[in-house]
Amino acid sequence: MTADNLLGDFLKARRGRIAPAAIGVPAIGRRRVAGLRREELAQLAGISEPYLVRLEQGVDRHPSPQVLRSLARALELDADASAHLHALAGPAPVPPSRTEVSADVHQLLDTWADRPAYVRDRCFDVLAANKQARALAPMYEPGSNLVRAIFLDPASRRLFPDWAKVAAQTAAALRAEADPRDPRTVRLVAELETDEEFRRLWVRHETRPARDELKYFAHPVVGSLALRRQALTVGGAEQQVIIVYQATAGSSSETALARLL
């Protein structure tokens, strides 16, 4: 990934994923491209084909909000992908003024003695973690990068029984949360693209921030765990996200979680 033509790359990738038949385009003749042709997307979005060419080639990088809304509708983007499209067309985000984890947040992590919790940034570097998180998996040690661990550490495939689903979610979350114009993100993606599965997922341009959901673990010591993940933004440090895992009260996962330490 480079920061040269992020908007154009996104538009081309998502255009290639629209099945012509799904929007009533007749299957006449041999199609040389996957998905929609430029002229078809331009017509659906109500813009000229030359203008769409300029957008995809990176000549025009800042279309109006009205054009972005039209493109999002024509490309059938959900709310997450539409927000990502608007972000790519806007100015680069201001770098965070504070990157260290405050003493109050460290204290908060430690008060959750019965559940794993850690803090990561938008590039998925782990900044802080309590003992339970570090006991759950080595990837939660401060200094680790979660995306790198998922794709490049073979241990992650043993830790997550549904690794393929976790990998897809992780790639989509990195796409949604990391600043693609940040050199740190560019370097991380370049490293990850040595992995075939990451490359396959990355070119799909799926976009979905991390959300509250059930995660499954196959821990080498305590066995199977089903933990509900909560993602919380740190007030005053919006680049930091607190991730907390908790088990259902009275469940076997709660019993196993208590045995971590």
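Helices α2 and α3 sit roughly perpendicular to each other, a label given to angles of 65 to 115 degrees (under 35 is roughly parallel, over 145 roughly antiparallel, and the rest oblique). Their axes cross at roughly 110 degrees and come within 9 Å. You're looking at a predicted model, where local features need pLDDT of at least 70, side-chain atom pairs count only at pLDDT 80 or more, and totals for chains, interfaces and linings use all residues. Residues are numbered from 1 along each chain as its sequence is written, and side-chain values use heavy atoms, leaving out hydrogens and water.

**The whole chain**

- The protein chain has 13 helices and five strands; these are DSSP runs numbered from the N terminus (helices are H or I with at least four residues, strands are E with at least two).
- The C-alpha atoms fill a box of roughly 65 × 40 × 35 Å, taken along the principal axes.

**Back to α2 and α3**

- On the α2 side, the contact (heavy atoms within 4.5 Å) is made by Arg 38, Glu 39, Leu 41 and Ala 42, while α3 brings in Glu 49, Leu 52, Val 53 and Glu 56.
- Sorted by type, the contact residues are four nonpolar, no polar and four charged. Here Ala, Val, Leu, Ile, Met, Phe, Trp, Tyr, Cys and Pro count as nonpolar, Asp, Glu, Lys and Arg as charged, and the others, Gly among them, as polar.
- Angles run from 0 to 180 degrees between N-to-C directions, and axes are lines fitted to C-alpha atoms, for helices over the stretch in contact.

**Helices α4 and α5**

- Tucked away in α4 are the buried residues Val 67, Leu 68, Ser 70, Leu 71, Ala 72 and Ala 74, and their cover includes α1, α2, α3 and α5.
- Just after α4 comes Glu 76, with a positive phi of about 60 degrees.
- The N-terminal end of α5 is capped by Asp 78, which has a side-chain oxygen 3.2 Å from the backbone nitrogen of Asp 80.
- In α5 (residues 79–89), the buried residues are Asp 80, Ala 81, Ser 82, His 84, Leu 85, Leu 88 and Ala 89; they pack against α1, α4 and α10.
- Ala 92 is in the loop between α5 and α6, and this residue is partly exposed at 47% relative accessible area.
- Though 90 residues apart in sequence, Ala 92 and Asp 182 are 8.7 Å apart in space, C-alpha to C-alpha.

**The sheet**

- Five strands make an open sheet in the order β2-β1-β5-β4-β3, with antiparallel pairing (two strands pair if DSSP finds at least two bridges between them).
- At the edges stand β2 and β3, each with a single partner strand, so one side of each has no neighbour in the sheet.
- Five of the five residues of β1 are buried, so this strand is largely enclosed by the rest of the structure.
- Ala 117, Val 119 and Asp 121 point one way from β1, with Tyr 118 and Arg 120 pointing the other way.
- Five bridges link β1 and β5, and Asp 121 stands opposite Gln 240 in β5.
- Three bridges link β1 and β2, with Val 126 in β2 as the bridge partner of Arg 120.

Key. Buried < 20%, exposed > 50% of the residue type's maximum accessible area, 1.4 Å probe, protein only. Polar contact = N/O pair within 3.5 Å; in protein donor to acceptor, adjacent residues only side chain to side chain.
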